[in-house]
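Please keep the sequence and the structure in view while reading.

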Amino acid sequence: MSLGGDDGYGGDYGQDPNRTGGVSPRGHLTRTRLPEGDDDPFAPPRRGTTRPGKPSRNLVTVVGVVVLLIAAIAFANRGGDKTSSDSDTNHDSSGTSAKSQTTAPTGQRPVEGKDAATGIASGFAKTEQGAQSAAANYAVALGSADMLSREQRHGIVPQIFTGAAAGPLQTKLDKAYSTDFLQKLGLDENGKAADGLTYISRAVPIGTKVTKYSESTATVAVWCTGVFGTAGEGSKNPVTNDWFTMTLKLRWSSNDWKAESYSQQNGPAPVNSDRTASTADEIAKAVEEYGGFTYAR
């Protein structure tokens, strides 16, 4: 940022002929001694006429560092101040960011509500950020192993979808997760793995994107990765990772964002690394020990 002249440092660094020590018209360096009265010019100056000495360079450096530290701390703490001018200029009245902050946290308070039975977050803000938070959390629930259990699925769907959409979707999902389908995954009719095996299905949102938004509706794409399969010795469906995008159409209903429908497509997927795969026991243990998150923009 320029603070002055074209050199960017606040002034013209050419010599000023009006200053003492300036350049004379002939180009020779001149020095001007101001008169000090009739006293001997080489005698010590009279009391009261001594010019104050310049502060030491070390003192100036220390003071400068302290000022910079104070400024840095103030800038860091400013993010949580809701009354700051930065907050007023960077966000509009709806709570969404006026500037592009695709991956940066916005500072909006995360949801505090959560369904006791399913653990799915609720009470999302009626903003674009709230719609993205709802979509991310719903994608996690829809990609979980609980969806393969009829009992648990019948608790999840009404929590995520509107009243009008939940019933018809429940019927479709019951048909999709048929006994034949579950057997292909190595699961019984209740979605349970055989003794000694652990079925794993966990989706992890990488990012969200609002493709359509109005005051009462929103369409949000959630880019996810995840791990899916059955861990354990003799498994015919080993745990693998996947990349997919889940798109949810949301509607503001009962003072919260609820889904009307959802779809899924593959990718975008990065190049797989050559990292050695963990054993089935390590994967099963990790899923048991590491909990999931509540996602909020």
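T208 lies in strand β3, which spans residues 198-213; helices (H or I, at least four residues) and strands (E, at least two) are DSSP runs, numbered from the N terminus. The model is predicted, so local features need pLDDT of at least 70 and side-chain atom pairs count only at pLDDT 80 or more, whereas totals for chains, interfaces and linings use all residues. Residues are numbered from 1 along each chain as its sequence is written, and side-chain values use heavy atoms, with hydrogens and water left out.

T208 counts as buried because its relative accessibility is 18%, where buried means under 20% relative accessible area, exposed over 50% and partly exposed in between (1.4 Å probe, protein chains only). Its side chain makes a polar contact with the side chain of Q132 at 2.7 Å; such a contact is a pair of N or O atoms within 3.5 Å, and within protein one must be able to donate a hydrogen and the other to accept it, while residues adjacent in sequence count only if both atoms are side-chain atoms. Leaving aside residues up to four places away in sequence, T208 touches Q132, A136, V220, A221, V222 and R297, contact meaning heavy atoms within 4.5 Å.

## The sheet

An open sheet is formed by 4 strands in the order β3-β4-β5-β6, with antiparallel pairing. β3 and β6 stand at the edges with a single partner strand each, so one side of each is left without a neighbour in the sheet. Two strands pair if DSSP finds at least two bridges between them; β3 and strand β4 (residues 217-231) pair in the antiparallel sense over 14 bridges, and the bridge partner of S201 in β4 is F228.

Helix α7 (residues 280-289) lies across β3 and β4 and runs at about 55° to β3. For such angles, axes are lines fitted to C-alpha atoms, for helices over the stretch in contact, and angles run from 0 to 180 degrees between N-to-C directions.

## A helix with a buried face

In helix α4 (residues 150-160), the buried residues are R153, I156, V157, Q159 and I160. Seen down the axis of α4, these residues fall within an arc of 160°, so they line one face of the helix; the arc is that of the directions from the helix axis to the C-beta atoms. The buried residues of α4 pack against β2 (121-122), α3 (128-142), α5 (163-176) and β6 (256-266).

## The whole chain

The chain contains 7 helices and 6 strands, and buried residues make up 27% of its 297 residues.
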